[in-house]
Amino acid sequence: MKKFGLILMSLMLLFSFALAACSSDEVEKPVSDKPADEETPATETPSNEVIELTFQNIPNTGLDVLVEQYQSENPNVKINYQEAEFADHHNGLVTAMAAGSGIPDIAFVEIGFLETFKGQQNNFTNLYDLGAKDVTGDYLDWKINQAENADGSFLFGLPTDIGPMAMAYRTDIFEQAGLPTDPDEVSALITDWEKFVEVGKTVLEKTGKPMTDSGGTIYDTMVGQLTEVYFDENNELLLETNAGVKEAYDRATAMVEAGITAKVGQWSPEWNAGINDGGFATLMAPAWMMNYMKSSAPDGSGNWNIAQMPVASGNWGGSFLTIPAASEHPQAAYDFIEWLLSVDNQYEIFKATGNFPATPGIYDKPEIQDWT
């Protein structure tokens, strides 16, 4: 993944525009004859009580490696950590909330599902009531905005990461098609979506391989390059008037009709096989995709490189940690996720996994600038 860090950082410049309230965590305060101003704070937990928190997550986030550290530093907290694959996890959370049982204290939620959950605000805890206003300045403004309700009074979650994008490409397929394989040369070759189609036709003719995985990926990628998609800043529907959305649909459809997509769905066995054995020549890849590719397609190692995307970068994904309203210990849950997603820990997670931090204060660190 040579030069990935430098490319991502240049792409991220395009995206830069883009209470301490107390709670008892349901612990009853012991009777005391101390004056009121000497009482134990409501958030303080008796030293002999262990709070158990259930944390439901998906694989490859890098968050799991810090759970043991938090428990060792906070012996009164026990975290029951659970993982399930992306779709199973989110579908399970939907089912649990509908049933009113099996709901975790802390739930990983990807941005697409968060938009769905915003219609169920009563099922979540407002993190602004737990102290989040003190730390939102550590994160990208647009990422915090994604996690708020329409009037900005309710915060559903703290950001785990963002998904700045580049174009992953198979150097072996490009070489077989007689195309350049150096990242700078590939970036110069494919500067817009028309040139992407032209190169795709060459790849198909010379190698018999489709240019990319699916029209759906192209549509999502192009939509991710827009500053407004389905709604404007006033929450007015743009679906029928947004020319960018129509262009994305038309171009994606045309690529399918031209035969330069493999027509395989993301996360399917066929898709994983395509990444692994060269079933298609390019993949529009957010930062977190790199770790997924390494773990799910080991045979592709050495054959993938990174170039800039056509037109400009975009953002795909980026997730949040939320606290469902059913949690019996919301303050303890919040204290954990505030620590877990702190600036320092997002930096450690990036070094371990490549998942791109949502905390801009560390973007100039050499380990991020020079990451390969």
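This is a predicted model: local features need pLDDT of at least 70, side-chain atom pairs count only at pLDDT 80 or more; totals for chains, interfaces and linings use all residues.

User: In which sense do strand β1 and strand β3 pair?

Analyst: The general idea is that strands of a sheet pair through backbone hydrogen bonds, either parallel or antiparallel. Here β1 (residues 51-57) and β3 (residues 106-110) pair in the parallel sense, over two bridges.

User: What is the order of the strands in the open sheet?

Analyst: The sheet has five strands, in the order β2-β1-β3-β8-β4, and its pairing is mixed. At the edges stand β2 (77-83) and β4 (157-159); each has a single partner strand, so one side of each is left without a neighbour in the sheet. On average, neighbouring strands of this sheet are turned by 25° against each other, direction ignored.

User: Which strands does helix α13 lie across?

Analyst: Helix α13 (residues 330-340) lies across β1, β2, β3, β4 and β8, and runs at about 50° to β1. Another helix to look at is α3 (residues 86-99), which lies across β1 and β3 and runs at about 120° to β3.

User: Next, the rings. How many aromatic pairs are there?

Analyst: A pair of aromatic rings is described by the distance of the centres and the angle of the planes. The count for this model is 17 aromatic pairs. Take W193 and F196: their ring centres are 5.3 Å apart and their planes stand at 70°, which is over 60 degrees, so the pair is edge-to-face.

User: Why are W193 and F196 separated by about one helical turn?

Analyst: An α-helix has 3.6 residues a turn, so residues three or four places apart point the same way. W193 and F196 are separated by about one helical turn because they are three residues apart in helix α8 (residues 193-207). Both W193 and F196 are buried.

User: Which pair links distant parts of the chain?

Analyst: That is W288 with W316: W288 is in helix α12 (residues 287-296), W316 is in the loop between β7 (304-307) and β8 (319-322), and they are 28 residues apart. The rings of W288 and W316 are edge-to-face, with 5.2 Å centre to centre and 75° between the planes. W288 has a relative accessible area of 17%, so it is buried. W316, at 16%, is buried too. Rings can also form a cluster, as F55, Y70, Y81, F336 and W339 do.

User: What lies over the face of Y128?

Analyst: K133 does, at 4.0 Å from the ring centre. A further case is Y347, where the charged end of K365 sits over the ring, 4.9 Å from its centre.

User: Now the charges. How many salt bridges are there?

Analyst: The count is seven salt bridges. In one of them the side chains of D250 and K246 meet, at 2.8 Å from N to O. D250 and K246 both lie in helix α10, four residues apart, about one turn of the helix. D250 is partly exposed, with a relative accessible area of 37%, while K246 counts as exposed at 54%.

User: Which residues are linked with E194 in a network of salt bridges?

Analyst: E247 and R251 are linked with E194 in that network. The side chains of R251 and E247 meet at 3.0 Å, N to O. R251 and E247 are four residues apart in helix α10, so about one helical turn separates them. R251 counts as partly exposed at 24% relative accessibility, and E247 counts as partly exposed at 38%.

User: Last, the backbone. Where is K263 placed, and is this residue buried or exposed?

Analyst: Most residues other than glycine have a negative phi, and most peptide bonds are trans. K263 has a positive phi of about 60° although it is not a glycine. K263 is in the loop between α10 (243-258) and α11 (269-277), and at 63% relative accessibility K263 counts as exposed. V311, with a positive phi near 75°, is found in the loop between β7 and β8. At 53% relative accessibility, V311 counts as exposed.

Notes. Residues are numbered from 1 along each chain as its sequence is written. Side-chain values use heavy atoms; hydrogens and water are left out. Rings of Phe, Tyr and Trp (its six-membered ring) pair if their centres lie within 6.5 Å; planes under 30 degrees apart count as stacked, over 60 as edge-to-face and the rest as tilted. Buried means under 20% relative accessible area, exposed over 50%, partly exposed in between (1.4 Å probe, protein chains only). A charge sits over a ring if NZ of Lys or CZ of Arg is within 6 Å of the ring centre and within 35 degrees of the ring normal. Two strands pair if DSSP finds at least two bridges between them. Axes are lines fitted to C-alpha atoms, for helices over the stretch in contact, and angles run from 0 to 180 degrees between N-to-C directions. Contact means heavy atoms within 4.5 Å. A salt bridge is a side-chain nitrogen of Lys or Arg within 4 Å of a carboxyl oxygen of Asp or Glu.
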